[in-house]
Amino acid sequence: MTPPGVSDGDFARALGAFREAVGAQWVFTGEDADLYRDAYSPLWGEPGERRASAAVAPDRVEQVQQIVRIASTYRIPLYTISTGRNLAYGGSAPVYSGSVVLDLKRMNRILEVSERNAYALVEPGVSYFDLYRYIRERNLKLWIDTPDPGWGSPVGNALDHGAGYTPLPFRDHFDAHCGMEVVLASGEIVRTGMGALPGARTWQQFKYGIGPYLDGIFSQSNFGVVTKMGFWLYPQPEAFRAGTVRVPRHDDIIALVDILANLMYSGIVNCHLGIASPIFNGPPDAERDALIARPDGGGAADWDRYAAARGRHFWETELHFYGPAKLLDAQWSYVKERFAAIPAARFSDGPSYRFPLSDDEIAKIGDRVSLGIPSLGIYAGLLAGSGEPPTTGHMDFSPILPMSGEAILEAHRVFTHALRAGDIAPQYGVVQSFHWRSFILFYGFPVTHDAETNRKVRATYARMIELAAQHGWGVYRTHAAFQDTAVETYSFDDHALHRLHETLKDAIDPMGILSAGRYGIWPEHLREKKA
Amino acid sequence: MKAALCVAAAVAVLGPSVPLAQLSSWTIFTPLAQASFPPLVRRGEVAYQARCQLCHGREVAHATLGYGGRMAGTEALQAKYRGSKPAVLEDRTDLTAAMVKYYVRHGVGIMPFLRKTELSDADLDAIAAYLSRNRTRVHEQE
């Protein structure tokens, strides 16, 4: 495969120059380039699957500069990945087929960890496991925050607005970053915030520097290659405790979320949380299916009768508290008082821990990510979806909902009907709080190697992006194959924001060599073609 | 070291000459190898712990609720073979080096394939030697 619009001769010359820059063993073509396919592609084996023509893996920032200059000379489209583990969102494959993947996995140095001021400065190839182990092996009293699978990159995940499970701001990974280094398409190196001050002593302490705050334009974009990022770390808390709130009726979700939101906005509850329903997320039966199939999705009274007949409560949420043990007891006690305003609310205590934990204690803990401990255990949960044709991956559908019970009920009705209409196995989305002041309603879509099944999944997935937008719930992140679709829905004032992104693209990367198509941002010469 | 760690110190520990498996791995514990193994198998055991064990290791009994300690690879092989073969890869006596290399570079089910920047051919050769060590021994006994 040759990048579109590039002659065989120029491609061969560019590959030769890449080899000279990084060493021949770090330029991959042929079968080795196939390893950059998206293992979870919903277009697997179809003509529309996004494929790399080659890959180049620099070891240091000077090599990144050389690579972008070579790419500019020969007009080679590059596509940057950090660890390449953004599975469910495109993995290590480019958005624009034929791009050369700029694989930063070898740039895996942990450049600085400050226990005193609780931050780390890392390169893009560092994984959550790497950073965790670095801190643990040195007995530093710091926590990292990790998403479900820990094999990804703190840099890559933050740049895609990913999130984890410890208190805010640490679990909102982009929000927890402080300072970045970026190689522009010109080959220049920019440091943001205080990093622009030679000899700065607060690059990882003060975010803004002086003048416009530009860090945001390097997330979910293609305006530069991020080669370093700083992250604020959570000083190891003294203790952790968990407690669960259960409320019995369908409409209790409204008061439950109102109280929760107030506690969260006040900083009294600051944990990741999910709101699950033992009824909606529980085992199906004929009566439940019939209620769901009704146009109104079943009335509150019907659902309350259904739940009461089975002796089950309707909603529950597990809350986590971190900090000094005596404060946690007081927080949980106060939180219970507040939720007691909901008739028949019930409470139960969950696990509690004191830190640090021994290796043996960690080995027995199931919910590791809530303690900032990386894991790959989430994939065991995904096995449950294996059927016929066998599941080979998944995509996440993740609209952002306001923090209201009414929105949760409405979104469940809308998406449940969309799934049924698309002949996709019915499921109820899981409400979760990852970022500040909003919910994500997660739906996992199975991906297979069967083209017909994938076609059905893709059609419903795209339909749900549109439905979400029609209700004011935009998706915050999406698979590479749907980024144009998702960005299209952010259309205020005739897509003014998208046009501003294109204006920036043309100014910063006029030849359009960096990550064409990422989150709908195409260089000028590809704007009509796309993918 | 509890004070800030400077760039020079970090590069000295994690410089580019250190084998990939030691630089970056998917484990929360420091990989260690048994001294009694020959060098290639020993390197393979370290690389296996770094890249494979967190999905293919032994599940801990009596773990608290949650996915953290679960092993997707071990659970998938348990479901596939239903006990007719060990679910933990390290216990298998039928694995060949070629089988191991094939699955790592092609993936299977929800297990994605690994790129050469994640696992070099040299480290994969070592993992294949480690996982096929029992087969070699069985064949020697035959």
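**Entry 1: confidence**

What is the mean pLDDT of chain B, and what percentage of its residues reach 70 or more? I found a mean of 80, with 75% of the residues of chain B at 70 or more; pLDDT is the predictor's confidence in each residue, from 0 to 100. I noted that this is a predicted model, in which local features need pLDDT of at least 70, side-chain atom pairs count only at pLDDT 80 or more, and totals for chains, interfaces and linings use all residues. Residues are numbered from 1 along each chain as its sequence is written, while chains are lettered from A and ligands numbered from 1 in the order in which they are written.

Helices (H or I, at least four residues) and strands (E, at least two) are DSSP runs, numbered from the N terminus. For the complex, I read an ipTM of 0.93 and a pTM of 0.94 from the predictor.

**Entry 2: two helices of chain B**

I looked up helix 6 (residues 97-106) and helix 7 (residues 121-131) of chain B, which pack at an angle of about 130° with their axes 8 Å apart. Axes are lines fitted to C-alpha atoms, for helices over the stretch in contact, and angles run from 0 to 180 degrees between N-to-C directions. Because of this angle, helix 6 of chain B is oblique to helix 7 of chain B (under 35 degrees is roughly parallel, over 145 roughly antiparallel, 65 to 115 roughly perpendicular, and the rest oblique).

Which residues of helix 6 of chain B meet helix 7 of chain B? I listed Ala97(B), Val100(B), Lys101(B) and Val104(B), which meet residues including Leu124(B) and Ile127(B).

**Entry 3: a sheet in chain A**

I traced an open sheet of 5 strands in chain A, in the order 5-6-10-8-9, with antiparallel pairing; two strands pair if DSSP finds at least two bridges between them. Strand 5 and strand 9 (189-191) of chain A are the edge strands, each pairing on one side only. I found 3 bridges between strand 8 (residues 177-183) and strand 9 of chain A. Val182(A) stands opposite Val190(A) in strand 9 of chain A.

**Entry 4: where the chains meet**

I recorded 59 residues from chain A and 45 residues from chain B in the contact; two residues are in contact if their C-beta atoms, placed from the backbone, lie within 7 Å. Helix 11 of chain A gives the most to the side of chain A that touches chain B, namely 6 residues.
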